[in-house]
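Thanks for coming, everyone. Let me put the model on the screen, and then we'll walk through it.

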Amino acid sequence: MFKKTAMAGAATLALAASVAPAMAADYKGPDLKGEVVTVTCPWTGAEEGMFKKVIANFEKATGATVKHSCSQSSEQQIVIDIKAGSPSNISVFPQPGLAANMAAIGGLTPLGNKSRDWVKANYAAGSSWADLGTYKDKAGKEAFYGFFYNVNVKSLVWYIPENFKEKGYKVPKSMEELQDLTKKIAADGGKPWCIGLGSDAATGWPATDWVEDMMLRTQSPTVYDEWTSNKMKFNDKRVVEAIEAYGWFARNDAYVDGGAKAVATVSFKDSPKGMFGSPPKCYMHRQASFIPAFFPEGKADDADFFYFPSYAGKKLGNPVLGGGTIMTITKDSKGAKAFMEYLQHPQAHEIWMAEGGFLTPHKGADLAKYKTKALRKQGEILQGATTFRFDGSDLMPGAVGAGSFWKGMVDYSGGKSAQAVADDIQKSWEALK
């Protein structure tokens, strides 16, 4: 599924000019000679090679041996191993929902309040990250289990600076300014946006990202959490308003390349290509950090991005929507604890930052270590976040988040009312209970 973290790394490697990396002060670990730490992880290809460098630094500093098993089927393997009573010391989850499920059956080891407090103090929007790693155990008691490592940002708007310069358009600093810019571009005879929801069996997911971003910009983080867990019904008026906030952009023929009816049928891969035309078919495209992989060949360097802004008038800070992988202990040991503590050290982040395809909210990591200017800019957006929330549809039951929500956004983009769509999605959720 394109909403998961796997796409983020490869695309960002293609962006911008390199920033010369340098390592942080060396990590000094405990003496772990003879200790073996096993890790199950989702990273493959180039990303696995980058993770190996992080591992190698830990081994050099401690004398421990780390044996990792990375694969695209790691999620399923983790569940199988936990249920069989033979998990790795460290298991890396792609999203909180599955980690929470494993905590609920006693499959995870709590990291402790000290680690939770460290995250709150040392990660930007630290309370958000601490909450995202906190789950209930078999007895229903909450504990901190998950340390986020290697994250991505979705709250981005892509544009071509040269196109803006030619027309005298300025990067908006608030949602109100973004709406004004949208109106201005349309008044000038251009199309402000390229939007496409097509993604084969996953058609519709780009619109769910829009709605999630709008929920974070119109409601408090608590309301967002209630929505993704269905404590607040999907057809609540606040959700309907967020859907309609997306519709303000997507359902206006004057605002979208191809008109509103094209939104539901154009492929998300093809959608941003209109920005690169001469004259451009559109001026902006809201999408996550992976989208440059689908820009026209040789054109990625022509593009830039800005933070999908919050409403100045709503006083909800600077929320960021994204995802990330979660490090957990699934078989406790001295080496496992030491490895998790190693991840608190800036060097464990900066090694991968220097390789590319990696973002971190760690405030102690040197932003200058990012391999590219684009990654550094995304890192700055993370550092400036007051709230971080995980992709909402990935937190919902699959039949909703990757089913009725996707379909509902296609129906809404095609003209169905937001209330009717929200009613249908809520009915699908209730059918699971």
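In which helix do Asp 213 and Arg 217 both lie, and how many residues apart are they? The helix is α9, residues 205-218, and they are four residues apart, about one turn of the helix. Helices here are DSSP runs of H or I with at least four residues, strands are runs of E with at least two, and both are numbered from the N terminus.

Before going further, some ground rules. This is a predicted model, where local features need pLDDT of at least 70, side-chain atom pairs count only at pLDDT 80 or more, and totals for chains, interfaces and linings use all residues. Residues are numbered from 1 along each chain as its sequence is written, and side-chain values use heavy atoms, with hydrogens and water left out.

Back to our pair. The side chains of Asp 213 and Arg 217 meet in a salt bridge, at 2.8 Å from N to O. By salt bridge I mean a side-chain nitrogen of Lys or Arg within 4 Å of a carboxyl oxygen of Asp or Glu. Side chains of opposite charge can pair when their charged atoms come close. Asp 213 and Arg 217 are both buried. Buried means under 20% relative accessible area, exposed means over 50%, and partly exposed is in between, with a 1.4 Å probe and protein chains only.

Now the whole chain. It has 17 helices and eleven strands. Of its 433 residues, 56% count as buried. The C-alpha trace spans about 70 × 50 × 40 Å along its principal axes. How does the radius of gyration look? It is 22 Å, which agrees with the value near 22 Å for a compact globule of 433 residues. That radius is taken over C-alpha atoms, and the globule rule is 2.2 Å times the number of residues to the power 0.38.

More on charges. The structure holds 17 salt bridges. One of them joins the side chains of Asp 304 and Lys 377, at 3.0 Å from N to O. This pair links distant parts of the chain: Asp 304 is in strand β9, Lys 377 is in helix α14, residues 373-383, and they are 73 residues apart. Asp 304 is partly exposed, with a relative accessible area of 23%. Lys 377 is also partly exposed, at 26%.

Next, Asp 424 and Lys 416. Their closest N and O atoms are 2.5 Å apart, in a salt bridge. Asp 424 is partly exposed at 33% relative accessible area, and Lys 416 is partly exposed at 32%. Elsewhere, salt bridges that share partners join Lys 154, Asp 209 and Asp 391 into one network.

Now the backbone. Which peptide bond is cis? The one from Ser 278 to Pro 279, with omega near 0 degrees. Pro 279 is in the loop between α11, residues 237-250, and β8.

Two residues other than glycine have positive phi. Asn 230 has phi near 70 degrees, and Lys 315 has phi near 55 degrees. Asn 230 sits in the loop between α10, residues 221-229, and α11. Lys 315 lies in the loop between β9 and β10, residues 319-329. Are they buried or exposed? Asn 230 is buried because its relative accessible area is 5%. Lys 315 is exposed, because its value is 73%.

That's the tour. Over to you.
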